[in-house]
Amino acid sequence: MYRLFGKPQNYEWGKVGENSLVYQIIKKNNKEVDDSKPYAEYWMGTHKNGPSTILIDNQEKNLLEHLNNKPLPYLFKILSVNKPLSIQVHPDKFYAKFLHQIKSNIYKDDNHKPELFICLSKDFELLFGFKTIEHALNTINEYKEVFEKYEETKEFQEDSTLGNYKKLLIRLIKLNDNEIKENLSKILEKKDVEDYELVNKLYKYYPDDLGILVALFMNHVYKHTGDSIYISANYPHAYIDGNCVEAMACSDNVIRLGLTPKYKDLEQFENILNYHFHTMIVDPKNDYHEFDHREVQEQVIRFHKFGIDDFLVFDIKVAKEVKLHIKNSCIFICIEGEVSLEGQIIKEGESFFIENDIKMATIVNLDKEKQSHVFFIAEYYKY
Ligand SMILES: [Zn+2]
């Protein structure tokens with residue numbers, strides 16, 4: 001069992017200084033912090049863009065090197081989101097290989113990136129999935145002067161099929177800069193509409209960005225502490241504000257559509273829309289994008305999605321004591337409180353890399369005031 005130090009990522013969309021959960025974790029690990037910098041993500045794993053280090057004989061060593069450059073199949077992150085992130089999808093395994101072949105400068109690895117989101121903050125604001133047909137027609141109705149000038153809109157209104165809905169979205173992502181600008185100025189004029197606040201917030205950060213037009217057709221929702229979402233391949237999403245943990249396959253492959261100064265790959269986004277649109281519609285009222293989770297015991301929630309062997313996650317609230325079979329190799333983090341794991345004391349914000357089977361491990365809560373909260377992530381197929 002090795003003490004593990006994650007790698008912070010200071011992307012500009014992160015919460016700044018003390019306000020960032022990532023900053024707080026780094027500080028609790030006695031690492032240097034800069035109060036004026038954004039702290040967006042904390043990476044625990046072996047991805048080459050930010051491999052963790054582990055402590056061996058009081059020396060920090062690159063975890064990837066320790067594993068003889070054989071990467072872990074998963075990556076575990078803490079996120080502190082201060083402003084909207086790009087509207088994105090992640091490719092499946094097959095498509096990731098293709099993308100890596102044709103654009104290796106953008107798609108730097110050839111792996112898929114299914115994600116598990118678990119909300120840590122009281123509220124987490126995000127966009128996910130496209131609106132249902134009915135909801136999309138309402139939105140068009142609210143912004144008649146913007147959308148009704150397109151032939152594709154009329155077709156969708158007259159024959160409200162998924163195919164026509166898709167054609168309209170593809171029409172929108174092909175608009176030129178002037179058309180986007182013109183449409184957005186009309187959208188901003190509308191006051192008494194459902195997405196008024198959302199549009200204004202997005203415009204503040206990304207004026208004249210195509211993503212705002214597309215965001216109008218996405219579900220704008222709030223998740224709450226402990227809520228989870230399984231983000232499968234080709235599933236559109238954009239985080240807006242809050243703290244969460246994210247577990248994923250070890251990859252950094254992102255196809256971006258908008259709400260970003262980064263490269264927007266509209267051609268690939270169109271391909272994904274063409275082939276997968278029917279899986280991208282979500283009714284948040286009966287959201288089926290929950291991870292297949294089940295209670296292992298009272299204080300333990302185990303997250304795993306059938307078919308995703310790269311990882312599974314245990315989300316554990318320790319009131320007194322929890323017994324759990326821990327198999328090699330996994331990453332363990334105490335997010336709240338203080339626990340002991342097989343006699344090793346683990347304080348808030350600290351994480352460990354466990355390389356050996358512990359069989360039945362005992363996690364004991366050492367916080368006298370409240371229950372402690374820990375996570376661990378491991379390869380699924382070893383369970
Ligand atoms: Zn994502």
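Predicted model: local features only at pLDDT ≥ 70, side-chain atom pairs only at ≥ 80, totals over all residues.
The domain assignment divides the chain into domain 1, spanning residues 84-292, and domain 2, spanning residues 296-378. Taken over C-alpha atoms, the centres of domain 1 and domain 2 are separated by 34 Å. Contacts across the boundary involve 10 residues of domain 1 and 11 residues of domain 2. On the side of domain 1 that touches domain 2, at least two residues are supplied by each of β10 (115-119), β13 (228-231) and β14 (237-249). Strand β14 accounts for the largest share of this side, with 3 residues. Classified by residue type, the side of domain 1 that touches domain 2 comprises 8 nonpolar residues, 1 polar residue and 1 charged residue.

The largest nonpolar core contains 101 residues, of which Val214, Ile331, Val374 and Ile377 touch the most other members. Strand β14, already noted for its share of the side of domain 1 that touches domain 2, also gives the most to this core, contributing 8 residues. Because residues of both domain 1 (84-292) and domain 2 (296-378) belong to this core, it lies between them. When residues up to four places away in sequence are not counted, Ile331 touches Leu4, Met44, Phe76, Ser351, Phe353, Phe376 and Ile377. Of these contacts, Ile377 is itself among the core residues that touch the most other members.

Helix α8 comprises 13 residues, 177-189. The distance from its first C-alpha to its last is 19 Å, close to the 18 Å expected at 1.5 Å a residue. Its buried residues are Asn183, Leu184 and Ile187. These residues lie on the same side of α8, because they cover an arc of only 100° around the axis. The face turned away from this buried side carries the exposed residues Asn178, Lys181, Ser185 and Glu189. The packing partners of the buried residues of α8 are α5 (144-147), α9 (196-205) and α10 (210-215). Helix α10 covers residues 210-215, and Val214 is one of the residues that touch the most other members of the largest nonpolar core.

Most residues other than glycine have a negative phi. Asn58, although not a glycine, has a positive phi of about 65°, and Asn69, likewise not a glycine, has a positive phi of about 60°. Asn58 is found in the loop between β6 (53-56) and β7 (59-62). Asn69 is placed in the loop between α2 (63-66) and β8 (74-81). Asn58 counts as exposed because it has 6 C-beta neighbours inside 10 Å. Asn69 is also exposed, with 10 other C-beta atoms within 10 Å.

Glu379 is located in the segment after β25 (372-378). With 17 C-beta neighbours inside 10 Å, Glu379 counts as partly exposed. Not counting residues up to four places away in sequence, Glu379 touches Pro73, Tyr74, Asp310 and Phe311. Glu379 and Leu312 are 67 residues apart in sequence, yet their C-alpha atoms are 6.1 Å apart in space.

Terms used
Residues numbered from 1 in each chain as written. Helix = DSSP H or I, 4+ residues; strand = E, 2+ residues; numbered from the N terminus. Buried ≥ 20, exposed ≤ 12 C-beta atoms within 10 Å, placed from the backbone. Domains from an automatic or database assignment. Contact = placed C-beta atoms within 7 Å. Nonpolar A, V, L, I, M, F, W, Y, C, P; charged D, E, K, R; others polar. Core = buried A, V, L, I, M, F, W, Y, C linked by C-beta atoms within 7 Å. Expected span 1.5 Å × (residues − 1). Arc of directions from axis to C-beta.
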